[in-house]
Amino acid sequence: MNRYITLHQLGDGTYGSVHLAQRVDTGEKVAIKRMKRKYYSWDEAMNLREVKSLKKLNHANVVKLREVIRENDTLYFVFEYMKENLYQLMKDREKLFPESVVRNMLYQVLQGLAFMHRHGFFHRDMKPENLLCSGPELVKIADFGLAREVRSRPPYTDYVSTRWYRAPEVLLHSTTYSCPIDIWAVGCIMAELYTFRPLFPGNSEIDQIFKICSVLGTPDKREWYEGHQLAANMNFKFPQFKRTPLSTLITNASQEGITLMEAMLHWNPSKRPTAQHCLRQPYFQVGQRLSGVILDDRLSSLERLSSRNHFHQNLSARPVAYVPPQAALGERDFSELLGPKIVSDLKENHGWFEENQKKRVSAKQHYLATSRYIVGQSTNLVNSEQNQKKPLSTRQDFYPSTKLYASANSLNTSGRSSRLHGRTDWAAKYLK
């Protein structure tokens, strides 16, 4: 460690603390993670999941582990230094990202994730805080402390990942999950990149499922039978909701972006696209298009025209209509992934009103009127009783990002930590 000079602390977590340091001979800045527990042999240190995964993962969008140092039974990880994480980048901005910037960042995340999954690892804790970046131009996946090998044998612990980005199968205590839980988390991150607000900010596991249902609708038993079995094992019954279109919640996203988000946020993990499949979707193909026509198709069309005898006679007077080729049969249509919509008012409202009540209200209206939940905002932020008593149409429904993204580590006047614990509620002692 005498090769490095410690400058200041960057953060502190369950397993260790991270410091900014500078190499003495080259002046290069690095991030050094100092583990809190002691390691009395190299074999013990090398068997850590974080070491095993990072030794095998060398990709432009995965943070690089430069070296591992064990000194006086203390273990140090030396990483490349990145300026900030995605959460800090969003928190410090005043304007929303344009879609081109969101697309670029998401493309890098999915590139890194596809590389991980292809090499047999899934992350289990994807969230904005674990995506390091140097501005929006470069994004890298970090913090592999919870990573597992795909080939490792279940059961896994059901208490991983930050709650707001936790997949429904994990919320329902499944122990046989795999790579699709990372895809769900990326879908939540994608929505947050557009709005700077978490899509499902639940304050407990049950509240988390409730918020997911209020947006995605109640999962159909025919679409996700395993999920209903998991719920039955917990004596839990899904609340009845009709799907709320994501386009009404994320108005600045294109239709291709909404389609991709809906696919990644599918209830059934087996029907979520892989990271590699996500990268092949139309959402990421805008750079290949020229005036609405894919460049390769346009060039091939021109080549066919040039082979005709009359091509040079009167080309300008004979406009040629371009007919795009039919989609390949192997391509997957995400419209089938959205599942059937609940169209029956009786089914939608069942259990949320009395049968003899003259005026029936929808489940969504009932929930909004009862719990004051606004999609994309934490329940904890609805503060005063005076605000609760106001009519729904006159209440203050928008909260500035400074309140929404209050630091989970900051202390209030009473000495207690912030209640926004959704981002930091995973516990290492439960991990297997």
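The legends below describe close-up views of a predicted model.

Residues are numbered from 1 along each chain as its sequence is written, and side-chain values use heavy atoms, with hydrogens and water left out. Because the model is predicted, local features need pLDDT of at least 70 and side-chain atom pairs count only at pLDDT 80 or more, whereas totals for chains, interfaces and linings use all residues.

**View A. The open sheet of five strands.** The strands follow the order β1-β2-β3-β5-β4 with antiparallel pairing; strands (E, at least two residues) and helices (H or I, at least four residues) are DSSP runs numbered from the N terminus. Two strands pair if DSSP finds at least two bridges between them. At the edges lie β1 (4-12) and β4 (65-71), each of which pairs on one side only. On average, neighbouring strands of this sheet are turned by 25° against each other, direction ignored, with axes taken as lines fitted to C-alpha atoms, for helices over the stretch in contact, and angles running from 0 to 180 degrees between N-to-C directions.

**View B. Strands β2 and β3 with helix α2.** Seven bridges join β2 (residues 16-23) and β3 (residues 29-38) in the antiparallel sense. Leu-20 stands opposite Ala-31 in β3. Helix α2 (residues 49-56) packs on the sheet and touches β3, β4 and β5 (74-80); the direction of α2 makes about 30° with that of β5.

View C. Met-234 lies in the loop between α8 (225-233) and α9 (246-249). Met-234 counts as partly exposed because its relative accessibility is 26%, between the limits for buried (under 20%) and exposed (over 50%), using a 1.4 Å probe and protein chains only. Leaving aside neighbours within four places in sequence, Met-234 is in contact (heavy atoms within 4.5 Å) with Leu-171, Leu-172 and His-173. The C-alpha atoms of Met-234 and Leu-172 are separated by 7.6 Å, although the two residues are 62 residues apart along the chain.
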